[in-house]
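Please read the points below alongside the sequence and the structure.

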There are 2 protein chains.
Amino acid sequence: MASGSKLKALIDAADDLLADPAAASSDLLRESINQLKKNVEKLDALSQRDPDLPARQKIQNMSAEVVGSNPYSRLMALKRMGIVNNYEKIRDFSVAIVGVGGVGSVAAEMLTRCGIGRLLLYDYDTVELANMNRLFFRPEQAGLSKTDAAVQTLTSINPDVVLEGYKLNITTVEGFGSFMESLARPFKEKSSASPSGVDLVLSCVDNYEARMVVNQACNELGQTWIESGVSEDAVSGHIQLLIPGETACFACAPPLVVASGIDERTLKREGVCAASLPTTMGIVAGLLVQSTLKYLLEFGQVSRYLGYSALKDFFPTMEMKPNTQCTNAACVERQHEYVKKKPERDALARAKAEADRAVQDVAPLHEDNEWNITVMDDDDDKDVFLDAQTTPNSQILRGKSHTLAMCAEILPEGFLRELPDADDAFRKLDEAFVGGAAAQDNDLEELERQLQALNSD
Amino acid sequence: MASGSKLKALIDAADDLLADPAAASSDLLRESINQLKKNVEKLDALSQRDPDLPARQKIQNMSAEVVGSNPYSRLMALKRMGIVNNYEKIRDFSVAIVGVGGVGSVAAEMLTRCGIGRLLLYDYDTVELANMNRLFFRPEQAGLSKTDAAVQTLTSINPDVVLEGYKLNITTVEGFGSFMESLARPFKEKSSASPSGVDLVLSCVDNYEARMVVNQACNELGQTWIESGVSEDAVSGHIQLLIPGETACFACAPPLVVASGIDERTLKREGVCAASLPTTMGIVAGLLVQSTLKYLLEFGQVSRYLGYSALKDFFPTMEMKPNTQCTNAACVERQHEYVKKKPERDALARAKAEADRAVQDVAPLHEDNEWNITVMDDDDDKDVFLDAQTTPNSQILRGKSHTLAMCAEILPEGFLRELPDADDAFRKLDEAFVGGAAAQDNDLEELERQLQALNSD
């Protein structure tokens with residue numbers, strides 16, 4: 001509520017009343033007007049605490065001090081816990097979020113609360129009550145543009161974050177131009193390790209066309225991005241890391257769970273709409289930002305593809321190699337660059353391995369440290385790739401999947417891919433770990449034998 | 001900002017001015033006062049849109065109509081998508097959330113946006129800036145009790161939800177009494193299928209003592225509940241469904257990932273604090289409410305235990321039988337009742353199976369329906385149980401887990417349980433599905449052969 005200026009007008013009106021000759025003739029009237037003016041001034045002071053104004057001052061440096069007034073204490077504690085080496089570095093990073101809907105808005109709020117340096121938000125849509133079944137937007141924001149409403153709320157949550165709202169449609173020629181321009185502008189004048197002005201792009205759009213545009217932009221820039229999506233029946237979702245030249249791009253092999261390619265406006269026109277749930281969207285946003293934090297702050301492993309199937313609590317992961325026959329020219333160009341740089345990468349890997357060995361010789365590390373955090377290695381050779389190019393279509397993974405019908409219609413001709421079936425996966429996992437259903441009937445010795453066999457490999 | 005009453009006072013002040021003899025003597029003055037009064041009235045109307053006042057009117061019946069002003073259209077679409085049969089039934093349900101912190105507040109917001117009937121919120125803590133690294137609370141709410149702040153925000157988001165805030169500590173004798181009383185009060189006067197006045201209890205507390213109290217209350221009432229937790233290093237979490245008598249209770253075998261038993265106040269006193277992330281807490285809240293929706297609206301499968309390990313995107317699931325030697329007397333009592341009712345359950349299952357067969361005979365169902373949703377069966381026999389009582393400790397599942405150190409100290413003597421290792425699990429899953437690392441080197445025919453073998457079982 002932009003009540004500040006209205007209250008100022010009321011104070012002016014009270015001053016006009018005081019200047020009126022009639023007021024001069026009555027002490028009581030003057031007193032009443034003065035009282036009224038004072039009340040309006042109090043109200044004006046209160047309005048400074050409106051949600052659209054920052055409720056806390058900016059903080060110069062992130063501190064780990066454990067006091068109730070420090071909004072960063074629980075984040076800086078990640079260093080003491082041995083999870084992140086350099087948490088305060090988060091302030092140097094710039095993240096672009098394309099689409100500020102059910103996933104994008106929550107992702108933006110999470111990154112804002114984490115104290116990210118800069119957020120660029122892109123959307124052309126307006127908040128409406130029909131969005132209230134997902135987190136973030138509030139009913140009183142209905143009618144505002146999603147970018148304005150988001151910037152308003154996020155500023156009040158954390159004024160330390162630099163927020164840039166872009167109300168534009170990236171699928172138009174003009175919109176794409178502005179999108180590319182804004183991505184190129186660097187943050188903090190320091191040269192980023194990233195090829196563009198941002199460190200990561202998060203795609204949180206709800207249609208195929210917009211995903212292909214983000215793919216085009218990131219392929220042209222050589223910019224790493226993470227794609228996200230939720231199915232129209234609201235019970236499946238996914239995130240996918242895309243590194244131009246290194247992984248499959250969105251045109252090489254579309255992800256397993258995507259919207260049907262019909263955008264929201266078309267659906268609305270036809271009087272139908274996709275289902276959505278705050279749970280699924282919140283989980284996908286959480287997984288997306290978790291991957292973002294792991295990628296930027298270099299901890300844990302960033303899954304190349306992580307799916308979520310709510311009905312059976314199934315979370316498949318996998319990897320996809322780029323398609324050398326990809327129809328996207330920029331993708332093929334990035335692939336050639338990536339292949340050319342192999343000797344460079346190998347040399348770096350050798351140097352890193354030697355440095356690691358040197359460190360180990362000085363102070364041998366225990367396999368598990370004080371917090372029992374397993375140190376990750378980033379050995380590419382262990383990865384299991386599903387090669388979209390050489391593996392026959394629809395034979396990569398078979399199984400029943402309720403997402404098939406939805407993605408089939410938008411897959412490039414000849415592509416038909418399915419998620420592994422949750423039941424099969426669980427059964428195989430059970431069998432691998434505890435001997436499956438047989439474990440119930442087998443005697444204790446047999447179970448022990450199976451466990452020992454598993455532990456020995 | 002509770003400006004409504006202040007504005008009302010301003011209108012009264014303007015009326016007093018009009019009644020003043022001086023005003024009677026000047027048309028201009030009366031006009032000015034009337035204008036001022038009109039402006040205040042406008043402001044008053046605007047203030048109806050303040051965050052602490054409902055920004056939308058209550059809605060009598062949930063509708064599936066696809067218009068921008070319908071906050072329930074995307075939820076009711078779950079029916080058309082074939083996911084939920086009777087979404088509007090959600091208004092009949094009552095859910096108690098114990099602990100309105102990083103997980104509980106987000107869970108409350110999700111259920112509120114889903115249009116749950118009634119929410120009971122329990123917490124004794126106060127909002128502070130140190131909570132701002134998690135979703136939900138806003139800086140301007142610092143100093144308010146968490147229950148007051150939550151009720152304020154949730155009412156403005158969805159005035160259709162009946163909200164009850166209980167500022168109390170359930171671990172005190174008095175607090176426990178009030179907790180039990182409030183759980184017993186029924187909702188909507190209709191007799192619930194639940195043994196208490198609520199349909200489900202969600203535990204979102206941050207310490208062991210409070211979990212044991214929720215466990216005690218639910219065992220006494222025979223009330224099903226879902227426990228949730230996030231590790232102190234902020235990168236692991238879990239949810240666990242507890243059905244008194246049927247599953248392990250919290251005292252039978254504590255969950256795999258729990259806090260160390262040191263509560264937040266103790267930690268603060270010592271100048272240290274646990275780490276937390278909006279991502280992990282948002283994901284755990286999402287999984288918790290997803291399970292809640294599945295449980296209440298009867299769709300999909302509700303995992304008995306679902307873990308989340310952020311570093312490797314690992315989501316273990318498992319089941320635990322109750323411990324007949326459990327130290328909790330109420331748990332043992334519920335177990336006896338459960339055993340006694342076996343013939344009743346068997347008869348029900350037989351009747352259901354026959355009814356299902358009858359339906360199939362009339363109109364044979366396709367395995368996958370129009371939306372390719374696989375119909376779940378709830379055949380208990382397929383479940384793999386890990387029997388906490390008969391399986392030797394620390395041999396149930398072996399593997400490296402960074403949560404071990406944290407849970408070891410609070411497990412009952414002799415219990416030492418570990419999560420399966422994520423790497424092992426992924427490798428075995430890969431091997432089971434695509435022939436593992438070998439798939440990279442083997443030729444196409446070999447891969448095809450392996451895939452066909454997998455598909456045939």
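1. A:S196 counts as buried because its relative accessibility is 9%, where buried means under 20% relative accessible area, exposed over 50% and partly exposed in between, with a 1.4 Å probe and protein chains only. The residue sits in the loop that runs between α7 (173-184) and β4 (200-203) of chain A, with helices (H or I, at least four residues) and strands (E, at least two) taken as DSSP runs numbered from the N terminus.

2. This is a predicted model, in which local features need pLDDT of at least 70 and side-chain atom pairs count only at pLDDT 80 or more, while totals for chains, interfaces and linings use all residues. Residues are numbered from 1 along each chain as its sequence is written, chains are lettered from A and ligands numbered from 1 in the order in which they are written, and side-chain values use heavy atoms, with hydrogens and water left out.

3. Apart from neighbours within four places in sequence, A:S196 is in contact (heavy atoms within 4.5 Å) with A:L183, A:L221 and A:Q223. A:L221 is 25 residues away along the chain, yet its C-alpha atom is 6.4 Å from that of A:S196. A polar atom of the A:S196 side chain lies 3.1 Å from the backbone nitrogen of A:V198.

4. Helix α5 (residues 104-113) and helix α10 (residues 278-297), both of chain A, pack at about 45° with their axes 9 Å apart. The contact involves residues including A:M110 of α5(A) and A:L288 of α10(A).

Terms used
Axes fitted to C-alpha atoms, helices over the stretch in contact; angles between N-to-C directions. Polar contact = N/O pair within 3.5 Å; in protein donor to acceptor, adjacent residues only side chain to side chain.
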